[in-house]
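Please look through the sequence and the structure shown below before reading the briefing. The points that follow are grouped by topic, and each can be checked against the structure.

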Amino acid sequence: MSNLDRAKQHTERAVNAAERASNHPWFERLARVGFVANGILHLLIGALAWSLAFGGDENADQSGAISLLKQQAYGPVLLWTCLIGCAFMALWHISSAFFGRGGVDGLRDVSTDDLKEAARETKADLTGAKDQSTVKTLGRSLKNVGTGLVFGGIAVVFAQFIFGKGSNSQESAQNTTATINSLPGGPMLLIIGGIIFVIVGGYFVFKGVSRRFEKDLHLPQSGALRTATKALGTVGYVAKGLTLAAVGLLIIVAAAQDDPHESTGFDGALKAIRDQSFGVPALAFIGAGLIAYGIYLFFRARLADMDS
């Protein structure tokens, strides 16, 4: 057996071991803690946004929420719990993208020939190609990778605060915007990024109003839990969507005015809403909605369809 064959054999064993680990019941249970961590963040950001609406000056973003969490009596335990939950949620989505889950194919099941065939069908008939399994697998996998990267990023933020290197989200947003803006074609990249935020925000609003989020859950047939989950999800998704859209608009303004200081992230978006003529009631609604979204995520930790 050649060295190349041995390397392939070891790689295959490692991949199979990783797949077995990702299918272990405890892997899913730990991943569900990621919903709880995300829920805590939104609950605190919502409370900070509510405070902003009535004269507060706290940072209503991830850094403000985690700083507040760190100050609590059991802060270190909560931070570590949230870090572990977000890390496992990130790994859950990445493994789902690669291995597939619940009888659904992942990237490992897509061959080069499948990709070539899907590309040919897309050129020939875009509408028809959308019904092909390869295209669906790629779409699901890209969504899982994106979600995994989001939770991985949140895990990194928790780790920074645990090890005493927490950063200011507003400054990070401004620095990132300035870096991208300095690149060739940077302003256009920022505008595209802002548009993506607006589109994602619009989708959140649509998902809340249409209650499409119910497809992500195993809801009971009736009862208070079903009613509460639907109500919290509707209000929460709308509030989260409006905030994301506001973040996107600030990014677009920063690019158009060549002023990175206009891109101030989540906290800046909320403060920009507060400064409008309708700001106080709008921000109060968004704050309450983010609190509702946080509570919804607690319910989702129990009810989520992890194979969807």
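This is a predicted model: local features need pLDDT of at least 70, side-chain atom pairs count only at pLDDT 80 or more; totals for chains, interfaces and linings use all residues.

Cysteine 82 counts as buried, with a relative accessibility of 3%, and cysteine 86 is buried as well, its relative accessible area being 0%.

- The structure holds zero disulfides, and cysteine 82 accordingly takes part in none, the nearest cysteine sulfur being that of cysteine 86 at 6.4 Å.

**Helix H4**

- Helix H4 covers residues 75–99, which makes 25 residues, and from its first C-alpha to its last it reaches 35 Å, close to the 36 Å expected at 1.5 Å a residue.
- After H4 comes glycine 100, a residue whose phi is positive, near 80°.

**Lysine 230 in helix H10**

- Lysine 230 is found in helix H10, which comprises residues 224–256.
- Although lysine 230 is buried, it has no salt bridge, and the nearest side chain of opposite charge, that of glutamate 214, is 4.1 Å away, whereas a salt bridge is counted within 4 Å.
- When neighbours within four places in sequence are left aside, the residues in contact with lysine 230 are Arg211, Phe213, Glu214 and Leu219.

**Helix H11**

- Helix H11, made up of residues 265–274, is mostly covered, since seven of its ten residues are buried.
- The buried residues in H11 are Gly265, Phe266, Asp267, Gly268, Ala269, Leu270 and Ile273.

**The chain as a whole**

- The secondary structure of the protein chain consists of twelve helices and zero strands, so that, when it is read along the sequence, the pattern is α-α-α-α-α-α-α-α-α-α-α-α.
- The protein chain has 308 residues, and 40% of them count as buried.
- Among the contacts in the protein chain with a separation of 6 or more, 73% are between residues 24 or more positions apart.
- The accessible surface of the protein chain is about 16,200 Å², and 62% of this surface belongs to carbon and sulfur atoms.

Notes:
Residues are numbered from 1 along each chain as its sequence is written. Side-chain values use heavy atoms; hydrogens and water are left out. Helices (H or I, at least four residues) and strands (E, at least two) are DSSP runs, numbered from the N terminus. Buried means under 20% relative accessible area, exposed over 50%, partly exposed in between (1.4 Å probe, protein chains only). Lys and Arg count as positive and Asp and Glu as negative; His and the chain ends are not counted. Contact means heavy atoms within 4.5 Å. Accessible areas come from the Shrake-Rupley method with a 1.4 Å probe; for residues, only the protein chains shown count as cover. The expected span of a helix is 1.5 Å times one less than its number of residues. A disulfide is a pair of cysteine sulfur atoms within 2.5 Å.
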